[in-house]
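Here is a short tour of a protein chain, meant to be read with the structure open beside you. Take a moment to turn the model around before reading on.

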Amino acid sequence: MTFFVRPHPLPGRPVTTNVVGMTTSASLPAHSAPTASGGESVTDKLVAANRRYASAFSDPGMDARPVLRVAVVACMDARLDLHKALGLELGDCHTIRNAGGVVTDDTIRSLTISQRALGTRSVILIHHTGCGLESLTEDFRHELEDEVGQRPAWAVEAFRDVDQDVRQSMQRVRTNPFLLHKDDVRGFVFDVHTGLLREIDPAT
């Protein structure tokens with residue numbers, strides 16, 4: 001196991017990222033069912049875990065407003081543990097995740113509420129290496145239409161150049177009229193093999 005320690009913007013709070021081997025659903029046999037031991041479903045297992053969590057839970061008494069006044073937009077990829085990777089604690093930030101971590105209309109909806117109703121001021125955008133959207137095209141929508149008889153209204157938002165897609169996401173945030181705070185918008189690519197963030201220059 002390898003550890004990377006990077007300075008955190010708050011004094012005394014280092015960022016420690018653990019890089020460990022992962023097994024994704026893509027590596028499982030196609031016939032594998034999402035069940036836990038004893039015939040329970042995965043959802044049953046998670047609900048049981050929640051009961052154990054709740055038994056020791058203590059209301060932290062936090063306000064709904066993020067302590068660091070930051071919103072993080074990231075991919076839904078299971079290899080990204082945002083809180084550990086960024087040294088965040090409960091209540092520090094808003095996290096908005098979707099396939100690819102792209103800035104869609106719904107992302108803007110969440111960011112607008114985050115800023116205007118809950119006081120965030122900074123936006124961090126995180127894509128990552130080896131993203132599944134790099135292997136898709138908009139043909140995915142046509143294939144869905146062929147299968148179910150209806151084309152989805154949403155775009156796939158597939159991309160070939162992850163750096164350029166981060167720049168596009170930054171531009172979408174910075175030019176949106178509904179967002180109040182656009183002076184601190186930064187974009188990064190997370191390396192799933194090293195755990196490190198690489199900042200993307202919006203002007204390149």
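The score called pLDDT is the predictor's confidence in each residue, on a scale from 0 to 100. You will need it here, since this is a predicted model. For the protein chain the mean pLDDT is 86, and 81% of the residues reach 70 or more.

Residues 1-30 call for some care: the pLDDT over this stretch is below 50. In the model the stretch still has 47 contacts beyond near neighbours in sequence. Where pLDDT is low, the predicted coordinates should not be read in detail.

## The sheet

Now look for the strands. Five of them form an open sheet in the order β4-β3-β5-β6-β7, and the pairing is mixed. At the edges are β4 (93-98) and β7 (197-200), each of which pairs on one side only. Neighbouring strands here are turned by 25° against each other on average, direction ignored.

In general, strands of a sheet pair through backbone hydrogen bonds, either parallel or antiparallel. Strand β3 (residues 70-75) and strand β5 (residues 122-128) are paired in the parallel sense, over five bridges. To find a spot along this pairing, look at Val73, which stands opposite Leu125 in β5.

## Helices across the sheet

Helix α3 (residues 105-116) lies across β3, β4 and β5, and runs at about 175° to β4. Helix α5 (residues 162-174) lies across β5, β6 (185-190) and β7; its angle to β6 is about 155°.

## The nonpolar cores

Which residues touch the most other members of the largest nonpolar core? They are Leu111, Val123, Leu125, Met170, Val173 and Val185, out of 21 residues in this core. At least two residues come from each of β3, α3, β5, α5 and β6, and α5 gives the most, with four residues.

Leaving aside neighbours within four places in sequence, Leu111 is in contact with Ala71, Val73, Ile96, Val123, Val173 and Leu179. Apart from this core lies another, of twelve residues, including Leu80, Ala85, Cys93 and Ile126.

## A pair of rings

The count of aromatic pairs comes to one. The rings of Tyr53 and Phe57 have centres 5.4 Å apart, and their planes are at 50°, so the pair is tilted. Is Phe57 buried, exposed or partly exposed? Its relative accessibility is 43%, so Phe57 counts as partly exposed.

Notes. Residues numbered from 1 in each chain as written. Predicted model: local features only at pLDDT ≥ 70, side-chain atom pairs only at ≥ 80, totals over all residues. Heavy atoms only, no water. Contact = heavy atoms within 4.5 Å. Pairing = 2+ DSSP bridges. Axes fitted to C-alpha atoms, helices over the stretch in contact; angles between N-to-C directions. Phe/Tyr/Trp six-rings, centres within 6.5 Å; stacked < 30°, edge-to-face > 60°. Buried < 20%, exposed > 50% of the residue type's maximum accessible area, 1.4 Å probe, protein only. Core = buried A, V, L, I, M, F, W, Y, C linked by side-chain atoms within 4.5 Å.
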